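User: Hi! I'd like to go through the labels used for a model and ask what stands behind each of them.

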Amino acid sequence: MTAKKEFLSIGEAARYLGLSIMTLRRWHKSGSFPASFVSPGQRLYYSMSDLQRKTKGLAQSTLDWAGAFDAQNLPDEWYCPTSDVFKARLERLVYDLLTLPALQDRASLIASAAGEIGNNSFDHNLGNWPDVSGVLFVYDLNKRVIVLADRGVGILATLRRVRPELATHEEALRVAFTEIITGRAPEHRGNGLKYVRRAIAESMTSLQFWTGNAGLILNKESSEPQITTSEYSIRGCVAVIEF
Amino acid sequence: MKVLVQKFGDILTSRQSGREAYAAFRPTLNGLSKYDELVLDFEGLEVLSPSWADEFLTPLLQDLGERLVLVHTKNASVKLTIETLEGILKRPFIIQ
């Protein structure tokens with residue numbers, strides 16, 4: 001019986017990813033996808049978990065992270081431990097979006113939706129993070145996707161502070177995206193996702209959002225959110241914006 | 001009195017920075033007579049969101065009412081943020 005290999009050589013890793021060895025060497029040198037392990041003889045080796053993360057994409061990696069009992073390590077550059085780091089990375093997103101000519105008119109709406117989702121995570125979980133504090137925030141301009149996630153208390157627990165009758169994650173998601181909430185005056189917390197819904201519609205983008213065992217889809221074809229029970233069990237929230 | 005909102009930053013999205021901006025700006029209002037308008041100019045702003053605006057614009061609207069005037073609001077996120085706040089506050093802003 002042969003044990004499943006934990007580490008692949010650079011040739012095996014290149015075949016696994018469908019890339020050339022030259023490309024993997026270049027990614028290792030630039031730091032964009034470094035080898036998992038370098039032998040004393042300078043041979044590059046790649047772990048199966050790093051290769052799987054590379055192939056399954058940002059959204060799936062983030063869903064796995066937000067759904068896991070124990071948070072797995074994800075790349076540091078995906079992670080914003082504080083709102084200041086999130087703010088700096090959001091500014092980077094805005095300038096990157098503005099480099100794409102097709103997005104000139106829509107960049108402000110896309111970025112403000114991402115900002116509202118990320119800032120909500122910090123505002124609603126301050127002093128209350130169950131395990132990992134902060135927000136995952138990563139985007140890929142080539143794939144036209146922005147992913148945000150937190151391992152906070154989630155929408156249901158947040159809204160129950162002002163709407164204690166809410167019973168399920170689906171109900172909470174519907175209220176968060178469709179009803180104006182009157183909370184503690186003079187603050188109006190809890191209304192950010194209504195804005196996100198309109199920003200997604202006006203920018204002709206799409207949003208998938210998960211919290212607890214509920215999932216929501218807003219797409220270009222319909223401004224009405226589709227809310228269903230999802231196959232995931234998310235601690236906190238995950239949002240995927242495709243533009 | 002006219003104030004360029006962009007002086008608080010190009011990208012204004014969080015409640016925390018909205019609160020800080022309002023706290024820093026509030027003493028300036030002491031120089032405004034009870035007949036003067038405060039004109040907030042959104043020219044050059046890249047991104048605005050309701051969280052920042054709720055901390056900055058909402059108290060100004062409550063203090064000044066019709067003496068608060070908003071100009072150059074055509075940026076898509078500025079326009080939608082103002083409409084969203086109007087929906088929550090159930091009160092219109094004066095936009096020129």
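User: Why does Met204(A) count as partly exposed?

Analyst: Met204(A) has 47% relative accessibility, and the scale calls a residue buried under 20% relative accessible area, exposed over 50% and partly exposed in between (1.4 Å probe, protein chains only). The value falls between those cut-offs, so Met204(A) is partly exposed. This is a predicted model, where local features need pLDDT of at least 70 and side-chain atom pairs count only at pLDDT 80 or more, while totals for chains, interfaces and linings use all residues. Residues are numbered from 1 along each chain as its sequence is written, chains are lettered from A and ligands numbered from 1 in the order in which they are written, and side-chain values use heavy atoms, with hydrogens and water left out.

User: Where does Met204(A) lie, and what is its phi?

Analyst: Met204(A) sits in the loop between helix 8 (192-202) and strand 7 (206-219) of chain A. Helices (H or I, at least four residues) and strands (E, at least two) are DSSP runs, numbered from the N terminus. Phi of Met204(A) is near 55°, a positive value in a residue other than glycine. Arg144(A), in the loop between strand 5 and strand 6 of chain A, also has a phi near 55°.

User: What makes Arg144(A) partly exposed, and Thr73(B) buried?

Analyst: Arg144(A) has a relative accessible area of 28%, so it belongs to the partly exposed class. Thr73(B) has 13%, so it is buried. The loop that holds Thr73(B) runs between strand 5 and helix 3 (76-89) of chain B.

User: How do you know that the buried residues of helix 4 of chain A are on the same side?

Analyst: Helix 4 (residues 83-97) of chain A buries Phe86(A), Leu90(A), Leu93(A), Val94(A), Asp96(A) and Leu97(A). They cover an arc of only 160° around the axis, which puts them on the same side of helix 4 of chain A; the arc is that of the directions from the helix axis to the C-beta atoms. Their cover includes helix 5 (107-125) of chain A and strand 2 (11-12) of chain B.

User: What makes strand 1 and strand 3 of chain B a pair?

Analyst: Two strands pair if DSSP finds at least two bridges between them. Strand 1 (residues 2-4) and strand 3 of chain B have three bridges, in the parallel sense, and Val3(B) has Leu40(B) as its bridge partner. Strand 3 of chain B is also joined by four bridges to strand 5 (residues 68-71) of chain B, again parallel, with Val39(B) opposite Val69(B). Leu38(B) and Leu40(B) point one way from strand 3 of chain B, Val39(B) and Asp41(B) the other way, and all are buried.

User: Why does the radius of gyration of chain B agree with a compact globule?

Analyst: The radius is taken over C-alpha atoms, and the globule rule is 2.2 Å times the number of residues to the power 0.38. For 96 residues the rule gives a value near 12 Å, and chain B has 12 Å, so the two agree. The C-alpha trace of chain B spans about 30 × 25 × 20 Å along its principal axes, and buried residues make up 55% of the chain B residues.

Key
Contact means heavy atoms within 4.5 Å.
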